[in-house]
Amino acid sequence: MKLNTLSLAELKNCLESGQGTAVEVVNQTLEAIHAAADGNYFITVGDTETLVKQAEQIDAARTSGSTDSTLTGPLAGVPIAIKDNICVRDIPLTAGSRMLAKFVSPYDATVVERLKNAGAILIGKTNLDEFAMGSFSETSFFGVVKNPRVAGATPGGSSGGSAAAVAADLCAAALGSDTGGSVRMPASHTGTVGLKPTYGRVSRSGVIAFASSMDQVGPMAKTVEDAAILLEIIAGHDPKDATSSTLAVPKFRDFALNGAKNGIEGMKIGIPAEYFDESLKIDPIARTQIELALEQLKNAGAILVDLSLAHADFAAATYHVIAAAEASSNLARFDGVRFGHRSEHANNLTELYERSRAEGFGEEVKRRILLGTLLLSEGYYAKYFQKAQKVRTLIARDFHQAFQSVDIIAAPTSPCSKFLLNRDHSDPSTSLNADRVNVAVNLAGLPAISVPCGDSVKDPNLARPVGLQFIAPAFEEGRLFQAAACLENLLNKSRSKA
């Protein structure tokens with residue numbers, strides 16, 4: 001049995017029923033990772049001897065009836081990949097940058113602690129845009145990530161390595177981080193499920209900061225149920241993160257199972273005009289797939305409601321101002337003195353700072369640091385940064401008003417159906433249009449999920465990974481799982497009849 005191709009839920013059942021062993025899972029997964037090395041999905045792969053030993057302990061614990069949660073927990077024996085901007089103790093932490101190419105994390109992020117306590121096997125650290133800055137998984141110091149589902153394309157970014165690893169069956173699920181669509185967009189382009197939780201639902205302790213007011217760790221998985229299982233484990237209050245919520249963590253898996261079984265009849269789904277506008281240049285293939293998916297939801301009893309988000313067109317500009325300013329502040333710590341890359345060509349302290357940062361950071365990161373520093377300087381702070389914060393409030397208010405009349409909102413996850421390798425970068429509209437349908441969620445701190453809907457087109461020449469995005473009010477991830485699982489079930493039934 002090819003255990004590495006199973007969904008997280010299927011693999012859990014297989015291991016718990018004794019139909020497979022953790023050792024088999026690890027060996028098959030590592031074999032698949034090494035066979036797919038040219039995809040550049042991982043920066044660091046776990047040591048084979050260490051991983052097999054952990055798997056052997058898990059198998060022995062199951063046989064002996066041990067109650068040690070790290071060996072018999074809900075994820076015992078399940079391989080999970082971690083985006084390489086999240087700390088894993090004694091494992092390299094690069095953030096996809098030369099600046100941290102030789103850095104080894106001295107501690108675990110809270111989300112990693114929770115995965116370990118649940119028995120997960122951390123199979124490796126995935127490739128990403130440098131410091132999570134990018135939309136295409138192209139800015140990593142360790143090279144471009146390839147899309148396993150679309151030849152000659154990237155998976156999108158910045159969590160492209162995590163999305164690609166899930167899509168290529170190199171892990172049961174993965175963690176990514178989402179500052180402006182970085183979990184959802186690569187999920188869309190790889191035919192996987194990606195969830196950006198409510199800001200504060202998941203601890204950010206031990207996660208390298210890009211834009212602290214918008215960063216959020218989220219699960220990337222093969223199915224909606226898998227994402228729900230993973231969120232249940234990593235969510236919850238953390239005393240080490242002052243922004244983490246103290247709200248109880250619901251049983252998200254139950255929402256997913258309910259949506260798949262009972263549907264969403266009567267649920268009101270908002271369709272914002274701004275997210276389907278012609279100016280977004282939505283790929284005809286993507287638009288067709290998304291419209292067919294929405295039609296299936298309508299036929300299943302959902303109520304589609306047209307609405308408007310008045311300030312949606314200002315979201316991208318607002319995001320780039322705030323994100324650059326916060327990035328400039330957060331990345332100031334990488335100076336070549338305490339840790340990170342240190343230039344060997346400096347004659348004094350000033351040169352050490354300048355040369356270390358010039359050599360250690362890539363062009364995209366430098367661009368954002370320079371822009372952010374300018375925006376925070378005297379004369380520009382009030383003109384741009386403060387004004388962006390005011391617009392941010394208006395964007396959040398638009399969502400709040402919309403949710404007075406609808407339960408969730410639907411939108412394309414990405415206007416494009418693929419991001420080609422080595423494409424022409426002279427036209428920035430591709431990235432900006434993708435930002436327009438994603439970044440508002442981060443500015444407002446809301447949860448959103450991307451669900452694959454590409455297979456809703458029966459013509460194989462048109463079928464391509466495409467995601468439909470659902471957005472919900474703060475801390476209402478349950479609604480997302482219910483709607484997403486319903487759509488997933490409807491599409492599965494359509495495929496089985498085809």
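1. N85, A132, S177, T179, V207, I208, F210, D215 and Q216 line the largest cavity. A cavity is a set of points, on a 1 Å grid over the protein atoms alone, where a 1.4 Å probe fits but cannot get out; lining residues have an atom within 4 Å of a point. By class, this lining has four nonpolar, four polar and one charged residues. Ala, Val, Leu, Ile, Met, Phe, Trp, Tyr, Cys and Pro count as nonpolar, Asp, Glu, Lys and Arg as charged, and the others, Gly among them, as polar.

2. This is a predicted model: local features need pLDDT of at least 70, side-chain atom pairs count only at pLDDT 80 or more, and totals for chains, interfaces and linings use all residues. Residues are numbered from 1 along each chain as its sequence is written, and side-chain values use heavy atoms, with hydrogens and water left out.

3. Two cavities of 30 Å³ or more are present in the structure. A volume is the space filled by probe spheres set on the points, which are joined across faces, edges and corners.

4. The second largest cavity is lined by Y275, L309, H311, A312, I395, D398, F399 and A440. Helix α14 (residues 381-402) gives the most to this lining, with three residues. Helices (H or I, at least four residues) and strands (E, at least two) are DSSP runs, numbered from the N terminus. The lining has six nonpolar, one polar and one charged residues.

How values were computed:
On a 1 Å grid over the protein atoms alone, a cavity is a set of points where a 1.4 Å probe fits but cannot get out, and a pocket is an open set with protein on both sides within 12 Å along at least five of seven lines; lining residues have an atom within 4 Å of a point.
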